[in-house]
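The following paragraphs go through a structure step by step. Please keep the sequence and the coordinates at hand while reading.

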Amino acid sequence: MLGYVIKRIGLSFPLILGVTVITFLLTRVLPGDPARTIAGVNATNEVVEQIRQKFGLNQSLPVQYFVYLKDLFRGNMGVSIRSTKSVMQEIMARFPNSLSLVTLSVACAAVFGIVVGTFSAIHHYSVLDHIATLVSLFGVSIPIFWSGLMLISLFSVTLRWLPAGGFGTPAHFILPVFSLSLYCVANIMRVTRSSVLDVLHRPHVQVAESKGLPQWIVIYKHVVRNALMPILTIIGLQFGSLLGGIVLAETVFAWPGLGSLLMLSVFSRDYPVIQGIVLILAMVVIATNLVTDLAYAVIDPRVVYA
Amino acid sequence: MTLLKVVQSEVVPETQSRLLKEGKVMRKFFAVLLAGLALLLIVTGVFAQDDTIKIAIGVEPDVLDPVRQSTVLIANIVDFTCETLLYMTPDSELEPLLATSWSVSPSGLEYTFNIRQGVKFHDSTPLNAEAVKFSFDRIIDPNIPTPWSGYVGPLERVEVVDEYIVRVILSKPFAPFLTGAAYTATAIVSPTAVRDMSPEEFIFSPVGTGPFKIESYVPGVRVVQVRNEDYWGDLALPKKIIWNIVPEAGTRLAQVLSGDIDIAYQISPADIPRVEANPSVELVSVPSTRTMGLCFNTSKPPYDDKKVRQALAHAIDADAIAEDIMRGAASRSTGLLAPSFFGYYELPPYEYNPELSKQLLAEAGYPDGIDDIAMFFHTAGRTPMDTEVCQAIQAYLGEVGVDVALVTMDWSAFIAALLSPRDKSPYHLTNLSWGTPPDAHHTLYTLFHSSMHPPKSFNLSFYSNAEVDRLLEEAAVEVDRNVRRDLYRQASVILWEDVPWDTLYVVNMSLAVNADLRDLIVYPWEKFSVVKSYLEK
């Protein structure tokens, strides 16, 4: 197992290197000039040139990339052009906020998705099954910025129950978590439903039922555990895709996470911060995939990593 | 509930009774959930204190150092903490602030300021001539990239005459200097704080003499200012100002409508009806110094022809745009500058007249309109409704036979494209919203002097006119305000006739404000003050 983990981590290095090349190139392909954008329209050309020199933006692209890579190997992600703070500092101030938001949202979506998905499978083609499918379809189809604004409009403006965006208290979590989990619950629910449905008709379930086990034991021990593999895969994937989805949710809910920082950095062409955020998110996705794979072995003793 | 009881009293099959038990558990669960929720609401409701003013802004500060910040909104925050030598009233008059009096030498090269005595910075360092010199030196320090060096002009050096007298020496006369001395970038900061704090620390918690100190700044969340209890003047009324960073305009509006905050900055004109329909919120919409205009690239035919430009100016119904698209949060331009400017001169607008427009185009040699498609570069989301306004302009120009292709870009890409040199300039038309402190120099010199062509600066029309150059140069160094005003009048008349830039409307600054908030001061240069504001109970 340990050997497998080390091998996987080793294999992720070329992947991360690829991510750095792609983000570096994509930021440079974007039209726009960080120095002018950050200095503003009132700044003289001398000041703009000064900023360019300070951040090495006037060097050739290969030189810029190798300087970036060299610093990266020393654990230095560079300095934000906008705030002149270190990228590490900027990211670390916000990463926990995004991580808690996404983790909580995926957790809510997973609990809800698995429970309702299992229910739908057991009572398939019932009215409730159809309603669940419809609602989940609705959730996955609504863009987050719209559902977010609608939730704010309902719960903050009309009912005045919850704060309209912002950060600081547990109450501030409710709307963004709801909006993000609404977005990803559908996939979890649908995979659960089909996976459970598939297991439900296997002989071992019939055996368990006929030996008189209570239904919840049959479902929990014999059906859901066997159906869990694809569900786990989809939860891992949702985690990755939500890390992308936070850009919108964080902007709408004024949430100080990596998503809103990424948005801000793209608009001001703050190359070092964009590169830093994408790198961190890529590493989180890689780590999530690894954890998902390892979890297979935990839930299914037949899976062995050597 | 009653139904459940009835069912319970009867003999029921086992499965149903299990359902009932589950129902009870569920009800308990919901009760706990609701109680928790209520607790959260109480906790969050607690920090609604009356002597705190909460403001939602869309921009996250780059830095809070007066010389380095680059947006007017952030300058607004800094103003409460760091004060300048002079104060500009909403009517653009200069009044004493940290300087009690000042004088200009007849040559226009030397400005002498008497510094207010007995003033202390937030770190207890006394304010004196040395501190003023220190702060002005920061603007011309080549190691500090400041966007604002243009506002102090050719500043050569600053001399300390005695403890409370300071003299600023320019290398050549620069008439708008005093306007600069009232602008955030020239705010006086504590020299001890700059020396003792690390640069990273100082740029986010500058130390000035203002009515509020920076208490904390949490990136992406909020800036908090607390009242300076040792302020040299009258104490501010609010004890605390909280600037919440809320990028999405819809969310800012929701926050003010729900009573979470007291002021929502920059409300979209589309949301004005919602604000007006709500009695607990008031719309404050004030003409700013920002003018939106259509810029013709005079380096590209046929836009080098004055007649073509005049024709297109007659083709656009700017009144309708201000009224219908901007929902009244804008007013038709009546001159090159907004009326609050020093150097504003009223001129009759180009009236909307498509027939006249077609006639002028025919006279210019284009009886069937212009064949070549006009590339219209514009940015989205920078000023209210900018995309919709550009689409309207496209439609109006189409009416007189000018096909326009809109090229939409985000701000960074937009200015990079605009600042291409003449031979690579990609646009025929562009929209430009321009707002500066209210001295004509800052707008007219930058937009129309022939030395300011891109890539150097923002004369985006590539306009060159020796007479206008001369008038703008003279006005920049003229000390006599009446003579200056007349020079700007002459320049305005020529520019109005030449229309390199068809000014369409003056943009309002729109705030949605808690209806109980009193004594909010709004300045035309897109700033406001809550120093003397309070919430009426």
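Helices (H or I, at least four residues) and strands (E, at least two) are DSSP runs, numbered from the N terminus, and two strands pair if DSSP finds at least two bridges between them. This is a predicted model, in which local features need pLDDT of at least 70 and side-chain atom pairs count only at pLDDT 80 or more, while totals for chains, interfaces and linings use all residues. Residues are numbered from 1 along each chain as its sequence is written, chains are lettered from A and ligands numbered from 1 in the order in which they are written, and side-chain values use heavy atoms, with hydrogens and water left out.

Strand β12 of chain B covers residues 281–296. Strand β16 of chain B (residues 429–434) runs antiparallel to β12(B) and is joined to it by 6 bridges; in this pairing B:W434 stands opposite B:T291. Strand β17 of chain B (residues 501–514) is also antiparallel to β12(B), with 12 bridges between them. Here B:L511 is the residue opposite B:V284.

The next topic is the interface of the two chains. Contact means heavy atoms within 4.5 Å, and 44 residues of chain A are in contact with 50 residues of chain B. The size of an interface is often given as the accessible area lost when the parts come together. Here about 3,800 Å² is buried between chain B and chain A, 61% of it on carbon and sulfur atoms; the buried area is the accessible area (1.4 Å probe) that two parts lose on being put together, summed over both.

A salt bridge is a side-chain nitrogen of Lys or Arg within 4 Å of a carboxyl oxygen of Asp or Glu, and the rule finds 3 across this interface. One of them links B:D410 to A:R269, with the closest N and O atoms 2.7 Å apart. On the side of chain B that touches chain A, α2 (14–46), α8 (249–257) and α14 (411–418) of chain B each supply at least two residues.

B:S190 lies in the loop between α5 (177–180) and α6 (191–196). B:S190 is buried, with a relative accessible area of 0%; buried means under 20%, exposed over 50% and partly exposed in between (1.4 Å probe, protein chains only). Not counting residues up to four places away in sequence, B:S190 touches B:F121, B:D123, B:T125 and B:V207.

B:A320, in helix α11 (residues 318–325), is buried with a relative accessible area of 18%. The C-alpha atoms of B:A320 and B:R332 are separated by 9.2 Å, with the two residues 12 apart along the chain.
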